[in-house]
Protein chains: 2
Amino acid sequence: MIRVVLLGGGNLASHLANAFLNSSSIELVQIYNRTLAHIENKKNRVSITNTIQNLKKADIYIIATTDATIESISNELLTNTLVVHTSGAMPNSAIKQDRKGVFYPLQTFTKNEEIDFREIPICLEATYTEDYFLLEKIAKELSPKVYSMNSEQRKKLHIAAVFVNNFVNHMYSIGEDICQENNIPFEILYPLIEETFHKITKQSPKEVRTGPAIRKDEKTLALHKSQLNSNQKKIYTLISEAIANTK
Amino acid sequence: MIRVVLLGGGNLASHLANAFLNSSSIELVQIYNRTLAHIENKKNRVSITNTIQNLKKADIYIIATTDATIESISNELLTNTLVVHTSGAMPNSAIKQDRKGVFYPLQTFTKNEEIDFREIPICLEATYTEDYFLLEKIAKELSPKVYSMNSEQRKKLHIAAVFVNNFVNHMYSIGEDICQENNIPFEILYPLIEETFHKITKQSPKEVRTGPAIRKDEKTLALHKSQLNSNQKKIYTLISEAIANTK
């Protein structure tokens, strides 16, 4: 059994705790969170604490808190075993212990919504090979999609994720606005949205471009712009130009 | 049996022809295309022609050609039965016949790829109610997702589709670029991309916003921008501002 102490009470920490509690080769020995109330729903299944000095011994400490608190929590931790964080944006060096690493599940987590970790890629990094193998064992308990990735790559991946997640969501949001303003049910667009995603799992996004921008259909582009509000128009213009100029 | 003549040899026309040929209550009596070669693969199952004057009699003529050619084809058509086009961008009035309408399947079609019309919303418009009901009969043969929509709504829907399809695809494309430049397999992002879509089928895109822009996390925003090329940075900046300013 791999003994794990989890630090954090947010979305990701909560999902990780559930996954560990369901695993037969991982023993979640304790959850720490500054605010006990956020982890009290787990207290019947695992020891909980809000005092770092009371942490139990474990093979690995996983800091699953917000980016800004990782360093200070790591500084408070008195251990010479492996300590990792779960952030896509923070480097390995945010951990102050000698045996450091990263355990980064790449997904967007929503509170109270079940997560199937088997579908989630987990990106791993560790200073020492032996620690990497320990991380890999834990990760493979949760998901078959395990990737080795250094801090530089993870930082870039995180930026790519902003484009394909946050920015895509904003495009959906504008689509919804346009529909609502014209009494069109937004759900009409779901099949198109789904197909847009399915296409790029088979071919590169560049190979499946369609629409007025790639056709350089100036008449349609002008017509569309004339019907958008000024914020929408700025985005329409910039992305259309980017599409037209992409080789 | 509803007798249909189809005009066009492109992606959509080809998919529609297959769907009609598989329907038991629609009789596809003829396909017209200026270039016969594009429709010759259908000649064993249906009459084909490249001469408008040779068109057979039918209950409906469906012009499934590019936007720019709809009006001229309609002008050449000598019939007093129902004539419709299949374009999201063109108004009803692009059809010159008195009995006019629109039969617009909202999807992105790729050549040689099977399409399941049952998943595709079809937006209908007709000047005369009787013609609308005929269109509805045909549409329901293909898909349960049938919507009545006037030219103004369809025009707006088409713009919304550009955002959720073409522009989303460009976000995927930038994500792929960033991955490739850093030796990261783009497929790592598929589960995130899929979840981004699934979320908005349950909640409004505005309710599921995450990421540095909505958190107004200036440190991360600046860090990300510093690592993008100038075109990527322009898009990152504009969309991040738009997200931060969306109520």
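Biologist: Which residue with a positive phi follows α4(B)?
Modeller: This is a predicted model. Past α4(B) comes a residue whose phi is positive, near 55°. The loop between α4 and α5 (190-200) of chain B holds this residue. The residue is B:Asn183.

Biologist: Is B:Asn183 buried or exposed?
Modeller: Exposed means over 50% relative accessible area. B:Asn183 has a relative accessible area of 67%, so the residue counts as exposed.

Biologist: What is the phi of A:Asn183?
Modeller: Most residues other than glycine have a negative phi. A:Asn183 is not a glycine, yet its phi is positive. The residue sits in the loop between α4 (151-181) and α5 (190-200) of chain A. At 65% relative accessibility, A:Asn183 is exposed. Its phi is about 55°.

Biologist: How many residues of α4(B) are buried?
Modeller: Helix α4 of chain B covers residues 151-181, which makes 31 residues. Buried means under 20% relative accessible area. The helix is largely enclosed by the rest of the structure, because the buried residues number 26 of the 31.

Biologist: On which residue is the kink in α4(B) centred?
Modeller: From its first C-alpha to its last, α4(B) reaches 44 Å. That is close to the 45 Å expected at 1.5 Å a residue. Still, the helix has a kink of about 30°. The kink is centred on B:Val162.

Biologist: Which residue caps the N-terminal end of α4(B)?
Modeller: Look for a side-chain oxygen that lies 3.1 Å from the backbone nitrogen of B:Glu152. The oxygen belongs to the capping residue, B:Asn150.

Biologist: What is the bridge partner of A:Ile2 in β2(A)?
Modeller: Strand β1 (residues 2-7) of chain A runs parallel to β2(A), and 6 bridges join them. Strand β2 (residues 26-32) is mostly covered, with 6 of its 7 residues buried. In β2(A), A:Ile2 has as its partner A:Ile26.

Key:
Residues numbered from 1 in each chain as written. Chains lettered and ligands numbered in written order. Predicted model: local features only at pLDDT ≥ 70, side-chain atom pairs only at ≥ 80, totals over all residues. Heavy atoms only, no water. Helix = DSSP H or I, 4+ residues; strand = E, 2+ residues; numbered from the N terminus. Expected span 1.5 Å × (residues − 1). Bend = angle between axes of the 7 residues up to and from the residue. Buried < 20%, exposed > 50% of the residue type's maximum accessible area, 1.4 Å probe, protein only. Polar contact = N/O pair within 3.5 Å; in protein donor to acceptor, adjacent residues only side chain to side chain. Pairing = 2+ DSSP bridges.
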